[in-house]
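Please read these notes with the structure open beside you.

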Amino acid sequence: MTFQWPLMLWAVLAIPALIALYVFILRRKKQAALRYANLGLVREALGVGNRLRRHIPPALFLLALTLLLLATARPVATVTLPTQQETVILAMDVSGSMRATDVQPNRLEAAQAAAKAFLTELPERTKVGIVAFAATASVVQAPTLSREDLVAAIDRFQLQRGTATGSGLIVALATLFPDAGIDISQLIYGRPAQSESNAPIGQAKKPKEDFVPVAPGSNHSAAIILLTDGQRTTGPDALQAAKMVAERGIRVYTVGFGTKEGETIGFEGWSMRVRLDEESLKRVAEITQGEYFY
């Protein structure tokens, strides 16, 4: 527990002073009473219980005053409670290889259709966020309950160059834990995040939490679904990113689009054969205690 106004705690020192004043007043009354008359017989008639009961109102008053002064100091405590909120992040590949037609009508459209079908079967209380990745990764829809916003975000996908599967996993993890201090710039680009000194005015840098790894698959309120053909061409290693995800207890369910034989695609004067990398996707799922689906 902490206090927003700790200086107000000095006022609590008034309580011992009031207790001393109360004792002083009682003693003066006792001396004054004995000066004029002997009340021994009256005290015996009242009994010990009655003598103690007359101190209860002042004691309750001092207790209430103490609580009032402590409340004025604005005590604050952080309490961790279980939650029923579930969050799923769809990390979707929008790289050029997803234009291949070995899955009809093509890999990207098949992934979009699968994502939309998944949303219709998901419980309404489950939040869903969307991360799109190619050479880089970004959040195209923050976690929300609005299925209309999610479908609109899926329909806006545009193909780009490069496939950074590891970046997609890292951004998805940071989206699930926005206050965890996950340094995306350092992990993806190898440079530190914006320091507090050059942060935007009025916006302080969030302190990093003391992270303690947990058992893989132990977090049952969140998950990542990775929809891709699995062929990484740039960015951090997907297996290392999967280990980071596993350390936070998040499962990654991988969905592979394409065929092992692949297909040759051309774009802006270049061509290449793009194959489904099932082994990598199966390994990511295995590391995080998730599952692979074809």
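Predicted model: local features only at pLDDT ≥ 70, side-chain atom pairs only at ≥ 80, totals over all residues.

1. Helices α8 and α9 cross with a right-handed sense. The residues in contact are Ala 238, Leu 239, Ala 242, Lys 243 and Ala 246 on the α8 side, and Ser 280, Arg 283, Val 284 and Ile 287 on the α9 side.

2. Two packed helices are described by the angle between their axes and the distance between the axes. Here α8 covers residues 238-247 and α9 covers residues 278-287. Their axes come within 9 Å and cross at roughly 20°. Angles under 35 degrees count as roughly parallel, so α8 is roughly parallel to α9.

3. Now turn to strand β4, residues 126-133. Is this strand mostly covered or mostly uncovered? Seven of the eight residues of β4 are buried, so that the strand is mostly covered.

4. On one side, β4 pairs with strand β3, residues 86-93. The two strands run parallel and are joined by eight bridges. One of the pairings to look up is Leu 90, whose bridge partner in β4 is Ile 130.

5. Val 131 has Val 139 of β5 as its bridge partner. With three residues between them, β4 and β5 form a hairpin.

Notes: Residues numbered from 1 in each chain as written. Heavy atoms only, no water. Buried < 20%, exposed > 50% of the residue type's maximum accessible area, 1.4 Å probe, protein only. Helix = DSSP H or I, 4+ residues; strand = E, 2+ residues; numbered from the N terminus. Pairing = 2+ DSSP bridges. Axes fitted to C-alpha atoms, helices over the stretch in contact; angles between N-to-C directions. Parallel < 35°, antiparallel > 145°, perpendicular 65-115°, else oblique. Left-handed = near helix turned anticlockwise from the far one by under 90°. Contact = heavy atoms within 4.5 Å.
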